[in-house]
Structure formats: C-alpha cells, structure tokens
Amino acid sequence: QPSSKSIETFVLDNFDNPNGQDYAYGSKSYNWEWAVNSSRFVAEGYPKTGYYDGIPNSLKQLRRDGEEGAKVFGVKTAFNRKGDNWFEVYPTVDGKPFEIPFIGTVSQMDFWIWGANYNYYLEVLVRDAYGRVNVLQAGTLAFNGWRNIIVNIPGWISQHSHLRSGPETMTFIGFRIRSDAAEYVDNYVIFF
C-alpha cells in the first residue's frame, strides 16, 4: 500500500567541528557550541569539557576512506557529596542557551553515549510547541563503552502549534545526567 509517511534522518551534531554544524532549518543555517551546567555541590574547577579524537567502532565504517578528524564531546565532573547531583549539557550561541528546532514530526531521537558503568541516569529535555519543557527518560548509563541510545518521542507531546505567537515546533533543550543517590560522585566522565 502506498504511504504518505516519509522517514528521514537529520543529524543535529557529529561533534567533529566545534561550532561547525551548519544545521539548516527554514531559510537559516545554525551553529552552536556546547556548555555544561551543574547542581550546587559540584567540586571546584568542575565540570570540564572538551573535544577528543575518537568515534564509536560501529560508526567507523560510515566515515569516508581516509577521512580524519572524528571527534567526541566529553564532560568530566566531580561532586563534593553523594545525593541528587546532576549536570546538563546544552547548546549555546554567543554564550546564551540555544534550543535546536526539530524538522518535521519527530518519531525518535538516537545518539551514541560512552558509559563508564556508573549508576547514573540520562534524561533528554525537549520543549513542545506550546512552550512546556518535557523530560524524556533515556535510561541508565551503567554500561561500559559506547552504546546507541534510542528515545521514542511520545505522541502526547505537541510538536506543532496552530498559534501564531510562540515557538512553531518542538525544540531540543539538552541532556541531563543524574547520579544515583548512593553512587560515587568524585570522578565521572561521559562522551557524546
């Protein structure tokens, strides 16, 4: 049977070039940097961020032969005490938070995360077309190495607005990583 549904994949960021995404939405092209914000018990000098050479093994065959420059974005953090500790990774433009607009109607998001086998949890923050922030649970980070995490977008999230004012579509706010209350928090690293 013919279908009116067309599935496409859009890459928001591959982390190869900081501030070099050239993400096309509407008639504009967007570029952003990544920033990190954390809860109040973060240790002095943390969180630390950077771009590092590397790529998940499963993605190596997608690179062109001899293409160099594969990078990952890493965050290292430490907290002074156990408890409800968290940090957020979010895009910024000119030092201000930036929400990435989604193209079309989104059925799922997927991304590669390097887990350090700590009992931490990953959440994805999206803003619907009426301005409400929705927290989507993406699961635990208690695994070793790279893993492709897929988050289905529930149908109850309004992705398009019929109003003339306010956002037109759903936007991506960022990632939130939470520690389990009993997990060690003095040294944690994650890569995207």
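Analyst: Start with β6, residues 86-93. Four bridges join β6 to β13, and the two strands run antiparallel. This is a predicted model, by the way.

User: Which residue in β13 is the bridge partner of V89?

Analyst: F175 in β13 is the bridge partner of V89.

User: And β10, how many bridges join that one to β13?

Analyst: Eight bridges, again antiparallel. β10 covers residues 120-127. V124 has F175 as its bridge partner in β13.

User: Is β13 mostly covered or mostly open?

Analyst: Mostly covered. Eight of the nine residues in β13 are buried.

User: Switching to pockets. How much space lies in the largest pocket?

Analyst: About 1,400 Å³. The lining has 43 residues. T9, F10, V11, L12 and D110 lie nearest the centre.

User: Which elements give two or more residues to that lining?

Analyst: β5 (71-77), β9 (108-116) and β13 (171-179). The largest share comes from β9, with five residues.

User: How do the lining residues divide by class?

Analyst: There are 23 nonpolar, ten polar and ten charged residues in the lining of the largest pocket.

User: And the second largest pocket, how much space lies in there?

Analyst: About 180 Å³. The second largest pocket is lined by 13 residues. V11, L12, Q21, D22 and Y23 lie nearest its centre. By class, the lining has six nonpolar, four polar and three charged residues.

User: Now F73. Where is its place?

Analyst: F73 is in strand β5.

User: Why does F73 count as buried?

Analyst: F73 counts as buried because its relative accessibility is 2%, and the cut-off for buried is under 20%.

User: Which residues is F73 in contact with, leaving aside neighbours within four places in sequence?

Analyst: F15, W34, T49, G50, Y51, V89, I190, F191 and F192.

User: How far apart are F73 and A116?

Analyst: In sequence, F73 and A116 are 43 residues apart. In space, the C-alpha to C-alpha distance is 15 Å.

Definitions and conventions:
Residues are numbered from 1 along each chain as its sequence is written. This is a predicted model: local features need pLDDT of at least 70, side-chain atom pairs count only at pLDDT 80 or more; totals for chains, interfaces and linings use all residues. Side-chain values use heavy atoms; hydrogens and water are left out. On a 1 Å grid over the protein atoms alone, a cavity is a set of points where a 1.4 Å probe fits but cannot get out, and a pocket is an open set with protein on both sides within 12 Å along at least five of seven lines; lining residues have an atom within 4 Å of a point. Grid points are joined across faces, edges and corners, and a volume is the space filled by probe spheres set on the points. Ala, Val, Leu, Ile, Met, Phe, Trp, Tyr, Cys and Pro count as nonpolar, Asp, Glu, Lys and Arg as charged, and the others, Gly among them, as polar. Buried means under 20% relative accessible area, exposed over 50%, partly exposed in between (1.4 Å probe, protein chains only). Contact means heavy atoms within 4.5 Å. Two strands pair if DSSP finds at least two bridges between them.
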